[in-house]
Amino acid sequence: MPQRRSRSRRVARGVLHDRAPMPMLVPYTEAAESARRERLGGGDCMMCSLRDGLAGPRYLLEETEHATTLLCRYARRFGHVLVVLSAHVTALSDVGQDRWLAASAQAFRAATLVERALGAVRCYVGSFGSPRGDLPLSGPHVHLHVIPTYDVDDRPSRVLSSESGIYVAEEREWAALHARLAREARAWPARHAVVFDAPR
Ligand SMILES: [Zn+2]
């Protein structure tokens, strides 16, 4: 885990340097403390708080009756997206196939969007939530991660682990990324039934 902030850890390692603002890699404990402070106005569930905009600004990509797709501000990689089920459901066996398929379709749309807009070499898509309720950057509430990677050697063991740190950014940088994805979605509307709005 890194001991200090560093702008030198470029996410894209040469691919995106001149095309994207780069977030900052911080230790997990620092990111967790920041997330905890942001949730002071939220409830007990991190995912419900994110869904409702009670855990810092919400950079919405798509919202349906089944799930909310938004930028993850405590990211494993630049362009990390969360798809949070609308209902507070904590077990896959309680989700139901229709709701799961709808959320998966949102994850697919998000993955194609970040793949195209950010030039990712691949996207990891999946549900990796913990049943524990005391993890500051996660929660038992079922959600999907869409994590683009830009390095062909970026293995799941690194991408999905918080041990190497968490990427954070200034709000203007998240807003710029959000705007960039919005531009891409508008340029490719047939494939992105994505609804953008201002951060809130
Ligand atoms: Zn919840």
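Both faces of strand E6 are covered in this predicted model. His143, His145, Ile147 and Thr149 lie on one side, Leu144, Val146 and Pro148 lie on the other, and all are buried. Seven of the seven residues of E6 are buried, so E6 is largely enclosed by the rest of the structure. E6 belongs to an open sheet of five strands. Helix H3 packs on that sheet.

**Overall make-up**

- The protein chain holds five helices and seven strands.
- Read from the N terminus, its elements run β-α-α-β-β-β-α-β-β-α-β-α.
- The chain has 200 residues, and 38% of them count as buried.
- Take the contacts with a separation of 6 or more: residues 24 or more positions apart account for 66% of them.

**The sheet**

- Its five strands stand in the order E2-E3-E4-E6-E5, and the pairing is antiparallel.
- Strand E2 (60–63) and strand E5 (122–126) are the edge strands, and each pairs on one side only.
- From one strand to the next, the twist averages 15°.
- H3 touches E2, E3, E4, E5 and E6 as it packs on the sheet.
- The direction of H3 makes about 20° with that of E6.
- Strands of a sheet pair through backbone hydrogen bonds, either parallel or antiparallel.

- E4 spans residues 81–85 and is mostly covered, with five of its five residues buried.
- Both of its faces are covered. Val81, Val83 and Leu85 are buried on one side, and Leu82 and Val84 are buried on the other.
- Strand E3 (residues 67–71) runs antiparallel to E4, and five bridges join the two.
- Across from Leu82 in E4 stands Leu70.
- E4 also pairs with E6 (residues 143–149), in the antiparallel sense and over four bridges.

**Strand E6 and strand E5**

- Five bridges link E5 and E6, again in the antiparallel sense.
- Gly126 stands opposite His145 in E6.

**The nonpolar core**

- The largest nonpolar core has 45 residues.
- Leu71, Val81, Val83, Ala110, Val114 and Val146 have the most contacts inside this core.
- H3 (residues 97–118) gives the most to this core, with eight residues.
- Val146 is in contact with Val81, Val83, Ala107, Ala110, Ala111, Val114, Cys123 and Val125, leaving aside neighbours within four places in sequence.
- Val146 itself is one of the buried residues of E6.

**Where H3 meets H5**

- The axes of H3 and helix H5 (residues 171–187) come within 10 Å and cross at roughly 100°.
- H3 and H5 are therefore roughly perpendicular to each other.
- On the H3 side, the contact is made by Leu113, Arg116 and Ala117. On the H5 side, Arg180, Leu181, Glu184 and Ala185 take part.
- By type, the residues of this contact divide into four nonpolar, no polar and three charged.

**Glu184, a residue of H5**

- Glu184 is found in helix H5.
- Glu184 is partly exposed, because 18 other C-beta atoms lie within 10 Å. A buried residue would need 20 or more, and an exposed one 12 or fewer.
- Glu184 touches Leu113, Arg116 and Ala117, not counting residues up to four places away in sequence.
- Glu184 and Leu113 are 71 residues apart in sequence, and their C-alpha atoms are 7.2 Å apart in space.

**Arg155, a loop residue**

- Arg155 is found in the loop between E6 and helix H4 (156–159).
- Arg155 is exposed, because 12 other C-beta atoms lie within 10 Å.
- Arg155 and Tyr124 are 31 residues apart in sequence and 9.8 Å apart in space, C-alpha to C-alpha.

Conventions: Residues are numbered from 1 along each chain as its sequence is written. This is a predicted model: local features need pLDDT of at least 70, side-chain atom pairs count only at pLDDT 80 or more; totals for chains, interfaces and linings use all residues. A nonpolar core is a set of buried Ala, Val, Leu, Ile, Met, Phe, Trp, Tyr and Cys residues joined through C-beta atoms within 7 Å. Two residues are in contact if their C-beta atoms, placed from the backbone, lie within 7 Å. Axes are lines fitted to C-alpha atoms, for helices over the stretch in contact, and angles run from 0 to 180 degrees between N-to-C directions. Angles under 35 degrees count as roughly parallel, over 145 as roughly antiparallel, 65 to 115 as roughly perpendicular and the rest as oblique. Ala, Val, Leu, Ile, Met, Phe, Trp, Tyr, Cys and Pro count as nonpolar, Asp, Glu, Lys and Arg as charged, and the others, Gly among them, as polar. Two strands pair if DSSP finds at least two bridges between them.
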